[in-house]
Amino acid sequence: MRIFIFYLILIANAVAATCQSLSVFNIDTFAFPVIRAKFFAFDAAGNQIRNLTATDFSVTENGQLRSVLGVSCPAPKPPVALSSVLVMDQSGSMGSVLVMDQSGSMGSGNKLDLIHKATKSWIDALPGRSECAITSFDDYNYIVQDFTTNKTLLEQKAQSITANGGTDYNKAMIDPMSSGIDIAKTGKYKRVIVMLSDGLPNFEPRTSQIINEAKSNSIIIYFVSLGYPSPQCMKDITKQTGGQYFENVSSVEDAKKVYMKIMQAATGGEPCDISWTSVFSCSSNLINVDLKVNSLNLAATAIYQSPNNSIATLVFNPSTIVFKNVLPGNTKDSTVHIT
């Protein structure tokens, strides 16, 4: 049984300075009691930390310390050039306040402020000769900026997005003239769409057509939803085009991390591996994993469902014992083996 936990990361090739970070994801329980997972660790400059060993880590499951078996990191690869299209929801609700800030309190900024800051983190992190375009949508679609390598221009145009109108996913993704797919299919490099929205579509989009158009033009689609679960249409679109979806994003910091995670995946960065030994339990439950790099004061959390083969059970042999025709005052013995 394999349980995968989607993840938040920061890109190794970021140009802008970031905080140190650690993320753990893709928890694999197939070889229980050995648990395997992927992780990214980044220093304050956004460079991936690869020289970590098992002794650098501590792992707990539901507060219980586990034995770390091994850590390995692949050799770095040059980032892939992207032709990315940032598709931004500018419906009326995008002018409302953020759900939460990093401390868990109500956010002080609005969702458009989140768009501006998350977009800036993406633009700053674009590797090499990558080009980027920005579109927006409500009941219509708009070309904010066509493909360019001018990061200053992209950041200025991203700041111009305002909130108004409804939420039409067809306009966002496939309807002419300025949908994400319309723009992305003209890209020179690896074609990627990152769509962000804070609400369900006003009506069901043409999901199959969007998937087919994206596939025929070699476009990978990612989706980020602010403060609500991703709709099934976007789950289907992202999965079938090779992308991913991220839901319930509720702070500027989380949005930046998600965008950088998408950048890392899109540009071909590879995570490190860690493995540890788990233990049997008496019932199926969720396992809360806390991963720490003690020397760097970094921590990350994830959750996985305990697999069926991790549940301890009692086995009786024989499974049934019958006592027949025992007269009062007499005894009869039998033997049962309990494992």
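A residue counts as buried when its relative accessible area is under 20%. In this predicted model, Asp182 has a relative accessible area of 19% and is therefore buried. Asp182 lies in helix H4, residues 180–184. Leaving aside residues up to four places away in sequence, Asp182 touches Ile174, Asp175, Pro176 and Met177. Two of these contacts, Pro176 and Met177, are joined by a cis peptide bond with omega near 10°. Met177 sits in the loop between H3 and H4.

The sheet comes next. An open sheet is formed by 6 strands in the order S7-S6-S5-S8-S9-S10, with mixed pairing. Its edge strands are S7 (141–148) and S10, each of which pairs on one side only. On average, neighbouring strands of this sheet are turned by 15° against each other, direction ignored. At one end of the order, strand S6 (residues 131–137) and S7 pair in the antiparallel sense over 5 bridges. In this pair, Thr135 stands opposite Ile143 in S7. Helix H1 packs on the sheet, where it touches strand S5 (82–89), S6, S8 and S9, and the direction of H1 makes about 175° with that of S5.

Further along the order, S8 and S9 pair in the parallel sense over 7 bridges, and Ile193 stands opposite Ile221 in S9. S9 is largely enclosed by the rest of the structure, because 8 of its 8 residues are buried. In a regular strand the side chains alternate between the two faces of the sheet. From S9, Ile219, Ile221, Phe223 and Ser225 point one way, while Ile220, Tyr222, Val224 and Leu226 point the other way, and all are buried.

Helix H1 spans residues 111–125 and helix H2 residues 151–158; their axes come within 10 Å and cross at roughly 170°. Angles over 145 degrees count as roughly antiparallel, so H1 is roughly antiparallel to H2. The crossing in which H1 passes H2 is right-handed. On the H1 side the contact involves His116, Thr119, Lys120, Ile123 and Asp124, which meet Lys151, Leu154, Glu155 and Ala158 in H2. Sorted by class, this contact of H1 with H2 has 3 nonpolar, 2 polar and 4 charged residues.

Ala118 also belongs to helix H1. With a relative accessibility of 1%, Ala118 counts as buried. Not counting residues up to four places away in sequence, Ala118 touches Ala255, Lys256 and Tyr259. Ala118 and Glu253 are 135 residues apart in sequence, yet their C-alpha atoms are 8.2 Å apart in space.

Thr207, Ile210, Ile211, Ala214 and Lys215 of H5 make the contact with Cys233, Asp236, Ile237, Gln240 and Thr241 of H6. The residues of this contact of H5 with H6 divide into 5 nonpolar, 3 polar and 2 charged.

Within H6 itself, residues 232–241, the buried positions are Cys233, Met234, Lys235, Ile237, Thr238 and Thr241. An α-helix has 3.6 residues a turn, so residues three or four places apart point the same way. The cover over the buried residues of H6 includes helix H3 (169–173), strand S8 (190–197), helix H5 (207–216), strand S9 (219–226) and strand S10 (245–249). After H6 comes Gly242, whose phi is positive, near 90°.

The remaining points concern backbone geometry. Most residues other than glycine have a negative phi, and most peptide bonds are trans. Asn62 has a positive phi near 50° and is found in the loop between strand S3 (57–61) and strand S4 (64–72). With a relative accessible area of 41%, Asn62 is partly exposed. Asn248 also has a positive phi, near 60°, but Asn248 lies in strand S10. At 42% relative accessibility, Asn248 counts as partly exposed. Another cis peptide bond runs from Phe32 to Pro33, with omega near 15°. Pro33 is in the loop between strand S1 (21–28) and strand S2 (34–42).

Conventions. Residues are numbered from 1 along each chain as its sequence is written. This is a predicted model: local features need pLDDT of at least 70, side-chain atom pairs count only at pLDDT 80 or more; totals for chains, interfaces and linings use all residues. Side-chain values use heavy atoms; hydrogens and water are left out. Axes are lines fitted to C-alpha atoms, for helices over the stretch in contact, and angles run from 0 to 180 degrees between N-to-C directions. Helices (H or I, at least four residues) and strands (E, at least two) are DSSP runs, numbered from the N terminus. Angles under 35 degrees count as roughly parallel, over 145 as roughly antiparallel, 65 to 115 as roughly perpendicular and the rest as oblique. A crossing is left-handed if the near helix is turned anticlockwise from the far one by less than a right angle, and right-handed if clockwise. Contact means heavy atoms within 4.5 Å. Ala, Val, Leu, Ile, Met, Phe, Trp, Tyr, Cys and Pro count as nonpolar, Asp, Glu, Lys and Arg as charged, and the others, Gly among them, as polar. Buried means under 20% relative accessible area, exposed over 50%, partly exposed in between (1.4 Å probe, protein chains only). Two strands pair if DSSP finds at least two bridges between them.
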